[in-house]
Amino acid sequence: MASSLSIYISPQALARNTPNPRNPLPRKLSKSNPNHHHRITRTTSRDFHPPPPPPLSSVSGGDATTYTRLPPKDDFFLSSLHSSTEVKLSELNISTRKIENDESSQEEELFDENLGLSYGKFELFKVNSDSECEDDDNEDEEEEDYGGEMLGFEGGEAGDVVGGDGIEGEEVKEKEKGVPAVMRCFDRAKIFVKAGDGGNGVVAFRREKYVPFGGPSGGDGGRGGNVYVEVDGSMNSLLPFRQNIHFRAGRGSHGQGKKQNGAKGEDVVVKVAPGTVIREAAMDGEHGEVLLELLYPGQRALLLPGGRGGRGNASFKSGTNKVPKIAEIGEEGPELWLELELKLVADVGIIGAPNAGKSTLLSVISAAQPAIANYPFTTLLPNLGVVSFDYDSTMVVADLPGLLEGAHRGFGLGHEFLRHTERCSALVHVVDGSSQQPEYEFDAVRLELELFNPELAEKPYLVAYNKMDLLEASERWVSFKENLQARGIEPFCMSAVMREGTHEVICAAYELVRKRMEDNKEEGWNNPVNLNHVADMVQKQRTAPINEFEISHESSTNTWHVVGSGLQRFVQMTNWRYIDSERRFQHVLEACGVYKSLIKLGVNEGDTVVVGEVHGDGMARLCRQLPIKFEEGVNRFN
Ligand SMILES: Nc1nc2c(ncn2[C@@H]2O[C@H](COP(=O)(O)OP(=O)(O)OP(=O)(O)O)[C@@H](O)[C@H]2O)c(=O)[nH]1
Ligand SMILES: [Mg+2]
């Protein structure tokens, strides 16, 4: 008999390992049990108000798309800037909060020193990317807090009492709320999916006039519904998941008499935006394993297959047992917590310092109508626009929130959305020509890109020096151009408002995209991927042989645990209400060698044997605690 350690990953167990308060148990029994001193494995055969889901139009449909935007700018913390004419990266001198005590002034000074910038009293907010969207019950509150919370230099933290009764001495957990939920949930979501359980089989016998002993006629239960994930081209954010995070497929119907099988459970289709990355939710704030990356509209993946229906007694009829009083429970459908992350699928990303004219450029080259205003951070969420050259050549351009120095450390908004440029083939870097030192602004943004992700800095890019219609910009153009040319960069100049020079910029960007696409074709990375691999893995676990199991011993309680996914499934589907089930169970344990292994490990009379995995809230269903007795060399469970 070959002995080795096997690893079983059941979807239920996987799900149980996620932060699900109802199932706090760890994945493996053995881990939670320090008392184990025996372990063998037997392997025999093989080894704010959320806007209603925005009416978003397809990015590929030729129509430009503008994302749902945050509330009117009057609510925004920088509304005081409306009257100012220009705000520049290096001389942002905005006082929105008087810093009164010494402590905060020190803090302010320290910050300036760290960044080497004189932001003056401009209070940056730190984006808290880890916060989740599920705290949205108080959306109204959040909306009201909007301006205030974003102002906080320390990240706009809002204290939230968990447990809520304000009892002194009780631990108060602080909940960070860096940015309004609508921004946090724009491109991240956490959802729960569960495939349908199979329907139960039934025990029934045919009784008709003149047929008094018609034999077993209990039908099988129907299969549980599947969970699919599908790319919906009309979606361009994950905001709809603010309202709906639970997706449960229907359970299969139970079987009935007259050999009637149950109907299949209803499938559930989770619709996501193109560019969504799906990860298994992980504990401890770490990212879970990437399960799927869905890029193109229409792509559909079978994520979790529904549970098999339990067999009715008609299926158990055999030559030796013509009146079986046994039927199975339907197999449980697997469940998972998933983390969704959207990385926009745009060909070109427009980046630059706040107020440089990025949105203006997008509005000029496409039909998109992003908000444009003369204050930094007008753009709070990325905007997409489709640029059409002729009938069949179009490209999708994304306008991103402005980047500040220190963005890679979470200041401003830009870094929160920079990942959306990861899929872009090229970047257009817009420089505000009217700023005091355009070269400095250019370098600062390039540095932030590199610090955020060096791969971004290596992407093909072009520089568009903007606001040439202004005198100060045109005066500085020559020195800016020479400076960049000396570094081997050929900048473009344009006036986005006057629509001058923008066509050249966008044609050059298209050229970069085209080149990149050709390179990719040569590299041949467009290999077809198996989108159903998660479901395949689940199916594989389901077919795990019943004779692969692991035995561990808890000496303090004299309990033996027999764990294996094949056995687990068998125990879960056994309906203990029927007397024949017990007999079948014992027979299976005998046949697959559980008894033999237990004896070999020294099981004693009166010890408890737990077959199947202990499950917090479903112990009665999933495991069977059986005191074991030995009589005349024969194993018998009571
Ligand atoms: N004179 C002049 N003003 C421009 C030009 N392009 C943009 N602006 C102005 O600059 C201001 C900022 O423009 P936006 O397009 O909102 O800038 P942005 O880079 O998107 O700013 P954020 O979204 O805040 O990062 C607006 O008042 C525009 O009208 C230009 O070519 N010439
Ligand atoms: Mg903008």
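A residue is taken to be near a molecule if its C-beta atom, placed from the backbone, lies within 6 Å of that molecule. This is a predicted model, in which local features need pLDDT of at least 70 and side-chain atom pairs count only at pLDDT 80 or more, while totals for chains, interfaces and linings use all residues. Residues are numbered from 1 along each chain as its sequence is written, and chains are lettered from A and ligands numbered from 1 in the order in which they are written.

**Ligand surroundings**

Ligand 1 is surrounded by 24 residues, of which the closest are G357, S359, N374, T379 and G402. By class, this shell holds 10 nonpolar, 11 polar and 3 charged residues, where Ala, Val, Leu, Ile, Met, Phe, Trp, Tyr, Cys and Pro count as nonpolar, Asp, Glu, Lys and Arg as charged, and the others, Gly among them, as polar. Helix α5 (residues 358–365) gives the largest share of the shell, 3 residues; helices (H or I, at least four residues) and strands (E, at least two) are DSSP runs, numbered from the N terminus. Since 8 of the 8 residues of α5 are buried, this helix is largely enclosed by the rest of the structure. A residue is called buried if 20 or more other C-beta atoms lie within 10 Å of its own, exposed if 12 or fewer, and partly exposed in between.

**Cores and overall makeup**

The protein contains 15 helices and 23 strands, and buried residues make up 45% of its 638 residues. A nonpolar core is a set of buried Ala, Val, Leu, Ile, Met, Phe, Trp, Tyr and Cys residues joined through C-beta atoms within 7 Å. The largest such core has 92 residues, and those with the most contacts inside it are V227, V348, I350, V397, A464 and A509. Its largest share, 6 residues, comes from helix α10 (residues 502–523). At least three residues come from each of domain 3 (188–342) and domain 4 (348–523), with domain bounds taken from an automatic or database domain assignment. Another core, of 16 residues, lies apart from it and includes I551, L589, V609 and V611.

N226 is found in the loop between β5 (188–194) and β6 (227–231), and R311 in the loop between β11 (300–304) and β12 (335–342). Two residues are in contact if their C-beta atoms lie within 7 Å; beyond four places in sequence, N226 has contacts that include A195, D267 and L302, whereas those of R311 include G201, D220 and F316. The table gives C-alpha separations.

| Pair | Apart in sequence | C-alpha distance |
|---|---|---|
| N226 and G265 | 39 residues | 7.9 Å |
| R311 and N261 | 50 residues | 9.0 Å |

N226 counts as buried because it has 22 C-beta neighbours inside 10 Å, and R311 is buried with 25 other C-beta atoms within 10 Å.

**Confidence**

The model scores ipTM 0.99 and pTM 0.65. Mean pLDDT, the predictor's confidence in each residue from 0 to 100, is 71 for the protein, and 64% of residues reach 70 or more. Confidence is lowest in strand β3 (residues 158–159), at a mean of 30, and highest in strand β7 (residues 246–248), at 95. Over residues 1–177 pLDDT stays under 50, as it does over residues 629–638. Where pLDDT is low, the predicted coordinates should not be read in detail.
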